[in-house]
Amino acid sequence: MSTILITGANGNLGRPVVERLLKEHYKIISISGKKGNRVVPSHERLENLTLDLMDEKKSSAFANSLIKREPGLKAAVLLVGGFAPGSMQDTDQSLIEKMIQLNFYTAFNLVKPLLARFSERVAGGRFVLIGARPPLKPAEGKNLVAYTLSKTLIFQLADIINAEGKGKDISATVVVPSVIDTQINRKAMPDADHTAWVPPEKIAEAIAFILSDAGSMLRDTIIRMYNRS
Ligand SMILES: NC(=O)c1ccc[n+]([C@@H]2O[C@H](COP(=O)([O-])OP(=O)(O)OC[C@H]3O[C@@H](n4cnc5c(N)ncnc54)[C@H](OP(=O)(O)O)[C@@H]3O)[C@@H](O)[C@H]2O)c1
């Protein structure tokens, strides 16, 4: 049985992704943040852990022990991230650093040790990363400067993984939602057309495809899930 690592499992996107990938009969190791894993469903094929992924040493130790005890680890689905508004004039170094910690280091701290282990084995491994649209349409980032800069690094990280993985069974795919249809976004934007947003279950579906046999053929992939927004 293949194992999938999912971070941000207790988040608005994480929960449907955990549920969807359980249906694919994977074993799931899920990581929740400091609010804990109470909202993640319990299941015989699901192991819920709590870990601060901004902590480089703990993340690295976790990844190294995981690959030893889970030789069937097939992929890491790295969903942790967060948002902060702010134009250039509203943005300072500490906000940029905060966004980079949340959106980049939480992925990098696992990618680094896992990529090393995936590179040593024939089976390779897959990464699924979550980007955002402003890095691809920079004009959209003018009021989201720190967020945009931090998410830009996710695309660069995927490019580096794909360059390292060339000719091997190692790949990174970036999924790029426009606005995810979550309760938080509905509350923040009550007058928006919610039907134009992307249901998290559809993103979970796309991730299931990326991890499928057909999905293993994908290379250098960016999946733009914008719906009508
Ligand atoms: N929502 C949108 O419209 C939208 C649009 C484009 C892209 N995205 C991206 O999609 C992804 C998921 O978004 P979402 O709406 O599901 O976010 P969310 O509900 O805020 O979930 C984020 C998750 O990350 C966890 N987390 C935060 N800091 C952590 C840390 N240091 N260590 C371990 N876990 C940590 C949180 O756990 P705790 O709460 O317990 O700390 C939570 O489970 C993010 O990367 C986001 O940037 C979202």
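Seven strands form an open sheet in the order 3-2-1-4-5-6-7, and their pairing is parallel. The model is predicted: local features need pLDDT of at least 70, side-chain atom pairs count only at pLDDT 80 or more, and totals for chains, interfaces and linings use all residues. Residues are numbered from 1 along each chain as its sequence is written. Strands (E, at least two residues) and helices (H or I, at least four) are DSSP runs, numbered from the N terminus. Two strands pair if DSSP finds at least two bridges between them.

Angles run from 0 to 180 degrees between N-to-C directions, and axes are lines fitted to C-alpha atoms, for helices over the stretch in contact.

Strand 4 (residues 73-78) and strand 5 (residues 125-130) run parallel and are joined by four bridges. V77 has V128 in strand 5 as its bridge partner.

Next come the helices. Helix 1 (residues 14-23) lies across strand 1 (3-7), strand 2 (27-32), strand 3 and strand 4. Helix 1 runs at about 170 degrees to strand 1.

Helix 3 (residues 93-120) packs with helix 4 (residues 145-165) at an angle of about 10 degrees, and their axes are 8 Å apart. The two helices, helix 3 and helix 4, are therefore roughly parallel (angles under 35 degrees count as roughly parallel, over 145 as roughly antiparallel, 65 to 115 as roughly perpendicular and the rest as oblique). Their contact has 16 nonpolar, three polar and two charged residues. Ala, Val, Leu, Ile, Met, Phe, Trp, Tyr, Cys and Pro count as nonpolar, Asp, Glu, Lys and Arg as charged, and the others, Gly among them, as polar.

Helix 3 also meets helix 2 (residues 56-69): their axes come within 8 Å and cross at roughly 30 degrees. The residues of this contact of helix 2 with helix 3 divide into five nonpolar, four polar and three charged.

How values were computed:
Two residues are in contact if their C-beta atoms, placed from the backbone, lie within 7 Å.
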